[in-house]
Number of protein chains: 2
Amino acid sequence: MLGVTEDLALDGRQLGKRGAATRRRLLDATSQLLESRGIRDLRVVDIAREVGTSPATFYQYFRDVEEAVLVLAAEVGEESAPLLQLLTGDWQGPVGLEKARRLVDGFIVFWDAHRAVLRTRNLAAQEGDQRFRNVRNSSLRPVTEALARIVPPGELSPIAAASALVAMMERMAAFHIDLESLGASRADVVETVAQIVHRTVTAS
Amino acid sequence: MLGVTEDLALDGRQLGKRGAATRRRLLDATSQLLESRGIRDLRVVDIAREVGTSPATFYQYFRDVEEAVLVLAAEVGEESAPLLQLLTGDWQGPVGLEKARRLVDGFIVFWDAHRAVLRTRNLAAQEGDQRFRNVRNSSLRPVTEALARIVPPGELSPIAAASALVAMMERMAAFHIDLESLGASRADVVETVAQIVHRTVTAS
DNA sequence: CGGGAATCTGACGCCACGTCAGGTCACCTG
DNA sequence: CAGGTGACCTGACGTGGCGTCAGATTCCCG
């Protein structure tokens with residue numbers, strides 16, 4: 001689907017143990033370097049040096065830096081799956097509110113763990129890159145759809161409401177650190193966003 | 001504040017009529033090209049060719065492509081000011097709901113008019129560029145603060161709630177076109193987001 | 001131990017960047 | 001209107017990362 005598999009190099013040859021290890025080290029270096037700079041300033045030569053290999057080696061496994069980040073984004077995206085377990089059953093009352101808190105908290109933990117890759121994924125998706133859009137959708141669509149199933153149809157469009165809530169949660173997860181300087185603690189953010197989610201989902 | 005003035009070239013000389021016109025044409029070309037590609041693929045040589053001048057001329061006015069986009073972002077950011085007029089008075093009841101609708105609609109109109117520049121502004125801000133963060137904050141902080149003043153303190157942190165709502169509105173304005181293919185029309189988005197905003201602002 | 005596949009890399013042509021010296025243009029002044 | 005001053009423009013160039021390829025090296029298996 002991504003045009004990138006785990007088992008083949010770009011020239012089509014089978015990947016052995018050594019090749020797989022090199023590929024992994026290149027990915028890890030890419031992920032690490034992405035935390036200290038934007039993708040625009042991430043040079044193949046830097047990644048190669050970090051791994052202790054030559055730039056030409058990088059091109060054995062990835063077409064360009066973007067493609068390496070795409071692989072990372074696909075890997076990371078799957079870690080949002082556990083959030084789906086919260087989006088089941090009855091969301092009315094205090095039990096639902098607690099689920100909302102855990103959902104919001106889960107978003108923040110997810111983002112804190114993979115901030116650099118997720119930021120870059122959304123950036124590329126927003127710039128129109130279809131591959132990154134697909135990866136982003138694969139990660140968020142199940143959450144959005146599960147949430148939409150919980151929103152009662154009425155004045156609100158379930159799809160629009162679920163999309164809006166996911167957008168809000170994702171954005172707050174991405175930004176919550178900046179809010180501290182404005183006087184909103186992490187706990188404030190979780191509680192407030194959870195309240196908005198819960199009220200939207202349970203209101204008539 | 002931006003380290004970029006309207007009256008001086010980068011070498012410090014005074015800008016005359018011809019220089020100001022060239023600078024403006026470079027900015028317009030940058031804005032236009034930004035609509036068909038991401039900033040990563042926007043070359044100085046393309047902007048120069050579009051204007052019918054040489055790359056060296058570009059560097060008379062801007063340090064790099066990013067700086068030209070920064071100027072555009074600062075210009076565009078000021079157009080969000082009219083939204084502040086809606087964030088006054090009483091937001092209870094149907095009058096408040098109508099204000100919410102206009103606020104959400106205003107966000108969407110704003111984004112539809114300046115999608116490329118706003119997208120790039122947020123992208124650079126998210127990547128940590130402080131200059132773009134400042135420009136983004138200058139545009140959104142007044143809206144966020146005005147909204148926070150309307151949210152009654154209680155279970156919700158006004159600051160967190162206002163930030164979350166602004167995040168939601170901005171994101172929906174950026175994404176609403178993609179939602180059409182999921183079955184949520186522009187009208188659905190406006191109404192649904194307006195409802196969420198209104199309910200959050202008026203609930204106990 | 002031989003051989004073939006997998007893996008790595010030095011070397012290279014290409015292109016955009018960003019600078020600078022020097023040329024051109026516009027306006028003002030006498 | 002001639003001359004000159006400063007604003008404006010650009011051709012030419014050094015730099016550095018990109019992406020490729022041929023050939024060298026390493027690994028693994030029979």
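**Notes on the predicted model**

1. Chain A is assigned two domains, domain 1 (17-63) and domain 2 (75-202); these bounds come from an automatic or database domain assignment. Bear in mind that this is a predicted model, where local features need pLDDT of at least 70, side-chain atom pairs count only at pLDDT 80 or more, and totals for chains, interfaces and linings use all residues. Residues are numbered from 1 along each chain as its sequence is written, chains are lettered from A and ligands numbered from 1 in the order in which they are written, and side-chain values use heavy atoms, leaving out hydrogens and water.

2. How far apart are the centres of domain 1 and domain 2 of chain A? Taken over C-alpha atoms, the separation is 31 Å. Seven residues of domain 1 of chain A touch six residues of domain 2 of chain A (contact means heavy atoms within 4.5 Å). Between them about 460 Å² is buried, with carbon and sulfur atoms giving 60%; this is the accessible area (1.4 Å probe) that the two parts lose on being put together, summed over both. On the domain 1 side of chain A, Arg24(A), Leu34(A) and Ile39(A) supply 67% of the area buried against domain 2, more than any other three residues.

3. Now to DNA strand D. It has 19 residues around it, and Arg13(B), Gly16(B), Thr22(B), Thr53(B) and Tyr61(B) come nearest (near means a heavy atom within 4 Å).

4. Which elements supply the surface near DNA strand D? At least two residues each come from helix H2 (44-51) and helix H3 (55-61) of chain A, and from H1 and helix H3 (55-61) of chain B. H3(B) gives the most, with four residues. Helices here are DSSP runs (H or I, at least four residues), numbered from the N terminus.

5. A polar side-chain atom of Thr53(B) lies 2.4 Å from one, and a side-chain N or O atom of Tyr59(A) is 2.8 Å from one. For Ser54(B), a backbone N or O atom lies 3.2 Å from a phosphate oxygen.

6. Is Leu27(B) buried or exposed? Leu27(B) counts as buried because its relative accessibility is 1% (buried means under 20% relative accessible area, with a 1.4 Å probe and protein chains only). Leu27(B) lies in helix H1 (residues 17-34) of chain B. Beyond neighbours within four places in sequence, Leu27(B) contacts Phe62(B), Ala68(B), Val71(B), Leu72(B) and Glu75(B).

How values were computed. Buried means under 20% relative accessible area, exposed over 50%, partly exposed in between (1.4 Å probe, protein chains only). A polar contact is a pair of N or O atoms within 3.5 Å; within protein, one must be able to donate a hydrogen and the other to accept it, and residues adjacent in sequence count only if both atoms are side-chain atoms.
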